[in-house]
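Student: Could we examine this structure together, beginning with the way its helices pack?
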Amino acid sequence: MYACAPPSNYIPLKFSPELRTSKNFSSFRLTKRDFKVFAVASMNEAANFIPAAPIILPQGPWKEIPGGVTAANGFKAAGIYGGLRAKGEKPDLALVTCDVDAIAAGAFTQNMVAAAPVLYCKNVLNLSQTARAVLINAGQANAATGNAGYQDVIECADAIAKVRLSGDNIQLLKIKPHEVLIESTGVIGQRIKKEALLSSLPKLVSSLSTSTEGAGAAAVAITTTDLVSKSVAIESQVCSRRLGS
């Protein structure tokens with residue numbers, strides 16, 4: 001295992017003796033030398049709150065590329081502070097959009113007590129295999145909130161699809177509510193701070209960007225007690241075509 005750290009955008013890594021033992025990689029069925037570690041620091045103001053996590057990739061027919069969630073063409077992202085967190089001003093609202101219908105799938109909890117956003121996304125993906133946007137908030141998980149929490153999710157999806165700038169009748173995203181997926185992370189048993197979220201949507205949409213900065217801000221906005229943000233983009237080639245993910 002080794003760390004690549006020459007450019008200014010990289011930070012050095014130190015590994016504990018436990019991490020150097022092969023048993024830590026047994027679940028990957030790979031040896032230590034099959035891994036390359038890239039520790040890329042976030043290059044935006046979101047990095048003032050928490051750093052980016054080291055990127056650990058097994059060797060394969062792919063390579064790590066910059067850009068995070070916006071690495072693929074057509075994707076935009078934003079992360080802002082909307083007043084949903086209990087304390088601090090770390091970004092707590094993230095939005096990721098695609099210019100065209102994007103193939104969408106979900107991996108959901110098997111727990112009988114699923115949060116309102118989980119139930120909503122299940123219903124959306126049962127009706128459609130595509131989506132155009134994902135709206136994510138941190139601060140409140142909107143879990144164990146009953147029908148009221150579910151109605152909050154519906155209202156948020158409707159609002160982000162129809163968001164307009166003040167005095168303008170043009171929808172900024174030009175999408176429909178059922179093309180929006182909603183995710184929440186935070187304190188269980190608390191509904192979304194809906195008023196704060198809804199009032200922040202024009203700024204959030206206006207902040208959308210195809211840049212690495214936009215992707216980094218979105219990655220920070222979806223953290224709760226995390227010590228680092230997590231984001232990675234890879235590129236591979238399939239049938240002579242380059243694919244980014």
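Student: Is the crossing of H2 and H3 left-handed or right-handed?
Tutor: This is a predicted model, in which local features need pLDDT of at least 70, side-chain atom pairs count only at pLDDT 80 or more, and totals for chains, interfaces and linings use all residues. Residues are numbered from 1 along each chain as its sequence is written, and side-chain values use heavy atoms, leaving out hydrogens and water. A crossing is left-handed if the near helix is turned anticlockwise from the far one by less than a right angle, and right-handed if clockwise. By that rule, the crossing of H2 and H3 is right-handed.

Student: Which residues of H3 make the contact with H2?
Tutor: Helices are DSSP runs (H or I, at least four residues) and strands are E runs of at least two, numbered from the N terminus. Contact means heavy atoms within 4.5 Å. H2 contributes Asp 152, Glu 155, Cys 156, Ala 159 and Ile 160, and its partners in H3 are Lys 194, Leu 197, Leu 198, Leu 201 and Val 205.

Student: How are H2 and H3 oriented to each other?
Tutor: Axes are lines fitted to C-alpha atoms, for helices over the stretch in contact, with angles from 0 to 180 degrees between N-to-C directions. H2 (residues 146-162) and H3 (residues 194-206) pack at about 20 degrees, with axes 10 Å apart. Angles under 35 degrees count as roughly parallel, over 145 as roughly antiparallel, 65 to 115 as roughly perpendicular and the rest as oblique. H2 and H3 are therefore roughly parallel.

Student: What is the orientation of H1 to H2?
Tutor: The axes of H1 and H2 come within 8 Å and cross at roughly 55 degrees. H1 and H2 are therefore oblique to each other.

Student: How many residues of the contact of H1 with H2 are nonpolar?
Tutor: Ala, Val, Leu, Ile, Met, Phe, Trp, Tyr, Cys and Pro count as nonpolar, Asp, Glu, Lys and Arg as charged, and the others, Gly among them, as polar. Residues of H1, including Leu 119 and Tyr 120, meet residues of H2, including Val 153 and Ile 154. The contact of H1 with H2 has no charged residues and two polar ones, and the nonpolar residues number eight.
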